[in-house]
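Reader: Please take one residue in this model and look at it closely. Then place it in its surroundings.

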Amino acid sequence: MFTFDDIKTHLADFTYEPLDVTGTMCAIIPSEKIRDVARIIKEQFGFTHFIDVLGVDRNERKMRFEVIYNLRNPQTKERIFLKTRCDERDPHVLSVVSIWSGANWHEREAFDMYGIIFDGHPDMRRMYMPDDFEYNPLRKDFPLMGVEGSIPLPEHPEMAVSMN
């Protein structure tokens, strides 16, 4: 059975903060080590099934954003989560697209919705929002009714809502 301490045999300076997410092993990894850890987990420990990556706005002063990687080993049926955090002032995380190509779409979505920049991503551009849209709609400080004048909302007579 895999444990995060097993990574230390392949990466001498590996440090992590262990977590339990409803019975699933999880570790918070420093953002500068996420690509190295991801490569080791895939190549040495068989976590070849990349399920998804998602962004989270923790609404904290320090290390506001979190990126969560959901991974599975199809041979042993183990599932793990890797987490890394970045600050709002420097929202950069290393891309893992070179390790799991399926991360491409998910990292772009986190970039578009939260503003997390994945360094080394082959196509870091918006997916849903217009290129000139300067906001990130899933951030907790984004107004629920959007930013007045930024993108026209669909009109429906029964749903007349004031932006004020």
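Author: Thr84 is buried, at a relative accessible area of 0%. Buried means under 20%, with a 1.4 Å probe and protein chains only. This is a predicted model: local features need pLDDT of at least 70, side-chain atom pairs count only at pLDDT 80 or more, and totals for chains, interfaces and linings use all residues. Residues are numbered from 1 along each chain as its sequence is written, and side-chain values use heavy atoms, leaving out hydrogens and water.

The backbone nitrogen of Ser31 lies 3.1 Å from a polar atom of the Thr84 side chain. Leaving aside residues up to four places away in sequence, Thr84 also touches others, including Pro30, Ile34, Phe65, Tyr69 and Val93. Contact here means heavy atoms within 4.5 Å.

Now the sheet. Thr84 lies in strand β5; strands are DSSP E runs of at least two residues, and helices are H or I runs of at least four. Five strands form an open, mixed sheet, ordered β1-β2-β5-β4-β3. Pairing requires at least two DSSP bridges. β1 (17-21) and β3 (49-57) stand at the edges with a single partner strand each, so one side of each has no neighbour in the sheet.

Helix α1 (residues 34-45) lies across β4 and β5 (78-86), at about 170° to β5. Angles run from 0 to 180 degrees between N-to-C directions, with axes fitted to C-alpha atoms, for helices over the stretch in contact.

How values were computed. Buried < 20%, exposed > 50% of the residue type's maximum accessible area, 1.4 Å probe, protein only. Polar contact = N/O pair within 3.5 Å; in protein donor to acceptor, adjacent residues only side chain to side chain.
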